[in-house]
Amino acid sequence: MGCGRMCASQYCADCVRWRKMGKPLLDNQALYCYHNEAMRDYFEQYKFAGDYYLRKVFQAEFQQFIRQKYPQRKWKYCIIPVDQQTMVSERGFNQVKGLTASLKTGQWLEIDDDRHQVKQSHKNRVERMQTQQPFILKSPAKVKNQFVVLIDDIYTTGRTLYHAQDLLLKAGATEVRSVTLAR
């Protein structure tokens with residue numbers, strides 16, 4: 001329910017907090033649980049050590065899940081490029097775009113992270129939750145009356161996805177949901 005936490009048959013503490021803040025829940029769907037050693041090792045190698053070939057481990061399954069859950073006749077896909085400016089130069093690629101390479105995504109929907117100073121992975125839970133809106137929507141008119149699926153690699157606190165959701169809803173998106181590889 002809510003965020004896609006694998007073990008929850010009811011809303012988790014994070015979802016309860018988001019609801020108390022008046023946020024419409026993202027109905028996030030996650031394929032895997034991040035809180036196990038194998039998944040953490042995978043992301044350490046893929047995302048932080050820059051082993052781009054590892055995108056192929058989950059790429060086909062992740063893209064198939066997105067296509068089945070959200071057929072494009074109704075939904076527009078939006079990749080959250082949170083690392084586009086800050087990490088691509090270091091890593092050489094955007095890990096989310098690597099996982100979704102053959103999806104026909106809404107490239108017209110760009111979220112700019114020029115104000116994103118410190119990587120989310122370097123922040124603790126409190127620091128993540130206090131992060132101010134880092135995104136700028138470059139083409140707000142293109143999301144008006146659209147159903148948008150945000151696609152990201154990991155949902156930890158949800159802060160990044162909820163910032164994106166706020167921006168899209170303010171621009172007139174009808175509904176915003178999310179899909180992540182891991183939660």
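Which residue follows α7, and is its phi positive or negative? The residue is Gly172, with a positive phi near 105°. The model described here is predicted.

## Helix α7

Helix α7 covers residues 159-170, twelve residues in total. From its first C-alpha to its last it reaches 17 Å, close to the 16 Å expected at 1.5 Å a residue.

Ten of the twelve residues of α7 are buried, so the helix is largely enclosed by the rest of the structure. The buried positions are Arg159, Thr160, Leu161, Tyr162, His163, Ala164, Gln165, Asp166, Leu167 and Leu168. Buried here means under 20% relative accessible area.

## Helix α3

Helix α3 is made of 15 residues, 55-69. Its span from first C-alpha to last is 21 Å, close to the 21 Å expected at 1.5 Å a residue.

In α3 the buried residues are Arg55, Phe58, Gln59, Phe62, Gln63 and Ile66. An α-helix has 3.6 residues a turn, so residues three or four places apart point the same way.

## Strand β2

β2 and β5 run parallel and are joined by five bridges. Within this pairing, Tyr77 has Val149 of β5 as its bridge partner.

Notes
Residues are numbered from 1 along each chain as its sequence is written. This is a predicted model: local features need pLDDT of at least 70, side-chain atom pairs count only at pLDDT 80 or more; totals for chains, interfaces and linings use all residues. Side-chain values use heavy atoms; hydrogens and water are left out. Helices (H or I, at least four residues) and strands (E, at least two) are DSSP runs, numbered from the N terminus. The expected span of a helix is 1.5 Å times one less than its number of residues. Buried means under 20% relative accessible area, exposed over 50%, partly exposed in between (1.4 Å probe, protein chains only). Two strands pair if DSSP finds at least two bridges between them.
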